[in-house]
Amino acid sequence: MSINPEQAYKELIRLAREETLLSSCADLLEWDEEVFMPAGGVKQRAEQLALLAGLSHDRATDPRYDELLSVLESSSLVSDPESPAAVNVRELRRGFDRERRMPRRLVEESARVTSLAQKIWATARRKNDYKTFAPWLERIIALAREEADAAGHNGTRYDALLDDYEPGVTTEQLSQLFARLTADLTPLVAAFRERSSNSRLKKRFPLDRQRAFSQGVASTVDFDFERARFDTAQHPFCTSIGPGDVRIALRFSGTDMTAGVFTLLHEIGHGLYDQGLDPAHYGTPMGEAVSLGLHESQSRLWENFVGRSVGFWKHFYPVLQSTFPTALNKVSLDAFRQAIDRVEPGPIRVDADEVTYNLHIIIRFELERALLAGDLVPADLPGAWRELYHRYLGVTPDDDRSGCLQDAHWAEGLIGYFPAYALGNIYAAQIFDAAERELGTLDDAFAAGDFGGLRSWLAENIHRHGMRFRSHQIIERLTGKAPDSSALIEHLSRRYPV
Ligand code: ZN
């Protein structure tokens, strides 16, 4: 082929950008589905998303990619493996090779089935009726198996799915990491189970004031509202439509104000990562996040390491009190902090505290591997769910709504996704330690309302690299150690002495 590497690279980047633009249209439709779409729109939306998934697939498997990548792979443009060109070529090759193994029929079918299954799941959950969802879960598991087989793997099908979310991490490595984490968490959780807690903050917190307080917090941590917006949805999330358009959906409760604050900080952590990516690299791997786990590390870092720190509340508690004078004037800062630092094993993942949260994830990791391997059939899921909750957390959900129907992930076709949450906690602890080693203790800065030092450090050391490094390489570069849970356990033991 008579094309020089420079020309090939230019064309490759153009193709990659167009593909990203196309998938950002699907992202926008999905955002709308969660935030605005009426229930009657579901069939049309499923068809729209299936068509877009098919079109994206056609573009992603264009044989032209292969030709261009082959020219580049043998050129001097990629001789420095950390250069943007080398990173883009490496990651686009990885994406192309995976995508071209997927039949278009499978891609469209997955988009259609998961779009419909989400509505079935939502109704099943509302009515506490697992039986109507079980056949859909069966279809989703069957599609996940097909996808794993098409992608190919050296280990298990689960490895093939995991690789899409957390490149370079294997099921075996996760199992070891999580076994250690479970062993360290179990005695901590057991100690807290013995204690009864009555320091809940159940008062009335008007929603409009919660929104105003949230905007204030977001502005103080330098979240850029020129390039973002807030809405509300049933399930909080953050999605990035493009470099100037990050969408955060929040959920507020009239009686539990703290849940809203921590959700806000969580989603802002995601949003700051997206806003920290280099816009010049938009549409290419150098302008994308490393992995789900690393994305989650950013949200967890802002939620737990910043948002639960003494300094954060020294700064924000007076503002909070003046926002909700009737509810909080007689609640001291100490009493407030005790209420938010409550540790209490319960059945619901999204309500879980920092200590018990990871066990919710480890339970899902076990169950989805068993479902995928066929060791567990969807019909038996509710029983298996209750058994593991009893074993790991000492609680038994009252019904399937607060049991195996609580999360949307499997209905969305996300199998192999949950581990990212626990990985995020593990990475966040290591990253926060590294930041403090370099910047000094951050608590005083937080107390003074200064979050810019941490935000810039994260942008400089993590965000601006795009996909230059794998998540474990980033952790190693920052800490000199492989990912491991000891920093997280130290942090939890310090904050929650038993
Ligand atoms: Zn998250």
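Let's start with Tyr 165, which is buried, with a relative accessible area of 16% (buried means under 20% relative accessible area, exposed over 50%, partly exposed in between, with a 1.4 Å probe and protein chains only). Please keep in mind that this is a predicted model, where local features need pLDDT of at least 70, side-chain atom pairs count only at pLDDT 80 or more, and totals for chains, interfaces and linings use all residues. Residues are numbered from 1 along each chain as its sequence is written, and side-chain values use heavy atoms, leaving out hydrogens and water.

Now, which partner does Tyr 165 have in an edge-to-face aromatic pair? The partner is Tyr 417, at 5.5 Å centre to centre with 70° between the planes. For such pairs, rings of Phe, Tyr and Trp (its six-membered ring) need centres within 6.5 Å; planes under 30 degrees apart count as stacked, over 60 as edge-to-face and the rest as tilted. Tyr 165 sits in helix H7 (residues 157-165) and Tyr 417 in the loop between helix H16 (381-393) and helix H17 (419-439), so this pair ties together parts that are 252 residues apart in sequence. As for that word helix, it is a DSSP run of H or I with at least four residues, and runs are numbered from the N terminus.

Ring pairs also link Tyr 165 and Tyr 417 into a cluster, with members including Trp 385 and Trp 410. Across the whole structure, the search finds 25 aromatic pairs.

Here is one more: Phe 312 and Trp 313 are edge-to-face too, 5.1 Å centre to centre and 80° between the planes. Phe 312 is buried at 0% relative accessible area, and Trp 313 is buried at 1%.

Methods:
Helix = DSSP H or I, 4+ residues; strand = E, 2+ residues; numbered from the N terminus.
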